[in-house]
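Here are some notes to read alongside the model, written for someone meeting it for the first time. Keep the structure open and look up the residues as they come up.

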Amino acid sequence: MMPTLRNLLACLALLSALPFLADPAAAQAKQPASNTYSSEELVQQGHGFFGEVSRGLALSIEKAVSQWGQPNGYILGQEGSGAFVGGLRYGDGTLYTRNAGDLKVYWQGPSLGWDFGGDGARTMILVYNLNSINDIFRRFGGLSGSAYFVAGFGMTALASDNLVVVPIRSGVGVRLGANIGYLKFTPTATWNPF
């Protein structure tokens with residue numbers, strides 16, 4: 001009789017421990033929707049924006065997500081730029097977030113360095129660590145020479161405090177060089193890049 005009681009107690013102990021042994025993925029699925037965007041969601045949005053699912057876009061998004069995690073916002077827009085030693089970039093688009101809605105934004109910025117040419121591009125900008133929608137309205141600095149190209153898509157990262165924006169560009173034109181500069185996001189269009 002003792003072995004049966006021992007088996008019964010073991011079964012009860014196992015049953016009481018089952019909730020603690022649950023699969024973490026299943027637990028995440030039961031939680032409310034996240035404030036971030038998965039790689040799959042970003043590729044799907046990029047597909048609608050860039051016109052076709054491309055391996056380059058998927059690779060660029062995967063690279064960004066592997067380095068900075070899942071963004072809590074993204075911008076879809078277009079931009080144009082040109083440079084001859086000094087350069088300028090202007091763009092506009094819509095910032096999408098899960099919890100704060102959509103917002104029209106504009107960006108502009110100067111650059112200085114060994115840089116020549118011009119381009120026009122459709123742009124997806126991944127936004128990381130955005131606490132409030134108005135946090136986007138600031139300058140994000142970085143080295144554009146650190147940009148690299150993945151199957152026709154260019155990507156670089158710019159930062160301001162703990163906020164990071166990662167523009168992913170695909171477009172036409174030729175622009176060669178390395179420069180330092182920044183992007184300034186504003187709620188209204190302006191010609192002043194400073």
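1. A definition to start with: a salt bridge here is a side-chain nitrogen of Lys or Arg within 4 Å of a carboxyl oxygen of Asp or Glu. One case is Asp161 with Arg138, where the closest N and O atoms are 3.1 Å apart. Asp161 sits in the loop between β6 and β7 and Arg138 in the loop between β2 and β3, so this bridge ties together parts that are 23 residues apart in sequence.

2. Some ground rules. This is a predicted model, so local features need pLDDT of at least 70 and side-chain atom pairs count only at pLDDT 80 or more, while totals for chains, interfaces and linings use all residues. Residues are numbered from 1 along each chain as its sequence is written, and side-chain values use heavy atoms, with hydrogens and water left out.

3. Now the overall layout. The protein chain has 4 helices and 7 strands, where helices (H or I, at least four residues) and strands (E, at least two) are DSSP runs numbered from the N terminus. Reading from the N terminus, the order is α-α-α-α-β-β-β-β-β-β-β. Of the contacts with a separation of 6 or more, 70% are between residues 24 or more positions apart; a contact means heavy atoms within 4.5 Å.

4. Of the 194 residues in the protein chain, 37% are buried. Buried means under 20% relative accessible area, exposed over 50%, and partly exposed in between (1.4 Å probe, protein chains only). The accessible surface comes to about 10,900 Å², and 61% of that belongs to carbon and sulfur atoms. These areas come from the Shrake-Rupley method with a 1.4 Å probe, and for residues only the protein chains shown count as cover.

5. Have a look at β1 (residues 73-97) and β2 (residues 102-128), which pair in the antiparallel sense over 23 bridges. Two strands pair if DSSP finds at least two bridges between them. Together β1 and β2 form a hairpin with 4 residues between them, and Gly101 in the turn has a positive phi of about 80°. Gly93 stands opposite Val105 in β2. A salt bridge also joins Asp92 and Lys104, with the closest N and O atoms 2.9 Å apart. Asp92 lies in β1 and Lys104 in β2, so that pair ties together parts 12 residues apart in sequence.

6. On to the rings. The whole structure holds 6 aromatic pairs. Rings of Phe, Tyr and Trp (its six-membered ring) pair if their centres lie within 6.5 Å; planes under 30 degrees apart count as stacked, over 60 as edge-to-face and the rest as tilted. Tyr37 and Tyr74 are edge-to-face, at 4.9 Å centre to centre and 85° between the planes. Tyr37 is in the loop between α2 (24-30) and α3 (39-50), and Tyr74 is in β1, 37 residues apart. Both Tyr37 and Tyr74 are buried. Ring pairs link Tyr37, Tyr74 and Tyr96 into a cluster.

7. Leu126 is worth a click. This residue of β2 is buried, at 0% relative accessibility. Setting aside neighbours within four places in sequence, its contacts include Leu42, Tyr74 and Val164. The C-alpha atoms of Leu126 and Val164, 38 residues apart along the chain, are separated by 8.2 Å.

8. Most residues other than glycine have a negative phi. Val85, in β1, has a positive phi near 70° and is partly exposed, with a relative accessible area of 39%. Asp161 also has a positive phi, about 55°, and counts as exposed at 72% relative accessibility.
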